[in-house]
Amino acid sequence: MTEQFKPYANEADVLRIGELDIENRVDRVTLTGDVVLTRDKAGLALARELLAIVGGVVKALEADKELPDAVKVKEARTVKNPFA
């Protein structure tokens, strides 16, 4: 599944490693939660998967010749619940 994850490619991809969610956006990749890397083969497999994902993020950032100094994040706003 990590081979299909293209950082910054869309607003839809979400991966899960342990309890860690990796959410793809066009202007950011968000890691939320946690992953336990145990000192065993299962921990090694998770560590390799995480390394592949973060390595892909670094590669995408390094390849962007017009990488800005910072991304301006829009503030969240509260809207009226249409179902209330």
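Select helix H1 first: its buried residues (under 20% relative accessible area with a 1.4 Å probe, protein chains only; exposed is over 50% and partly exposed in between) are Gly43, Leu50, Ile53 and Val57. The model is predicted, so local features need pLDDT of at least 70 and side-chain atom pairs pLDDT 80 or more, while totals for chains, interfaces and linings use all residues. Residues are numbered from 1 along each chain as its sequence is written, and side-chain values use heavy atoms, with hydrogens and water left out.

**Helix H1 and its cover**

Display residues 41-63, the 23 residues of H1. Helices (H or I, at least four residues) and strands (E, at least two) are DSSP runs numbered from the N terminus. The expected span, 1.5 Å times one less than the number of residues, is 33 Å, and the end C-alpha atoms are 33 Å apart, which agrees. At the N-terminal end of H1, select aspartate 40, which caps the helix: one of its side-chain oxygens is 3.3 Å from the backbone nitrogen of alanine 42.

Move to asparagine 24 in strand E2. Asparagine 24 is buried, at 2% relative accessible area. Its contacts (heavy atoms within 4.5 Å), not counting residues up to four places away in sequence, include Phe5, Lys6, Tyr8, Asp13 and Val29. The side chain of asparagine 24 also reaches the backbone nitrogen of tyrosine 8 at 2.8 Å. Now centre on tyrosine 8, in the segment before E1. Tyrosine 8 is partly exposed, at 23% relative accessibility, and its phi is near 70°, a positive value in a residue other than glycine.

**Threonine 30**

In strand E3, select threonine 30, which is partly exposed with a relative accessible area of 29%. Threonine 30 touches Asp21, Ile22 and Glu23, not counting residues up to four places away in sequence. From threonine 30 to leucine 20, ten residues apart in sequence, the C-alpha to C-alpha distance is 9.9 Å.

**The largest pocket**

Finally, select Tyr8, Val26, Asp27, Ala60, Leu61, Asp64, Leu67, Pro68 and Val71, which line the largest pocket. On a 1 Å grid over the protein atoms alone, a pocket is an open set of points where a 1.4 Å probe fits, with protein on both sides within 12 Å along at least five of seven lines; lining residues have an atom within 4 Å of a point. The space in the largest pocket is about 180 Å³.

Conventions:
Polar contact = N/O pair within 3.5 Å; in protein donor to acceptor, adjacent residues only side chain to side chain. Points joined across faces, edges and corners; volume = space filled by probe spheres on them.
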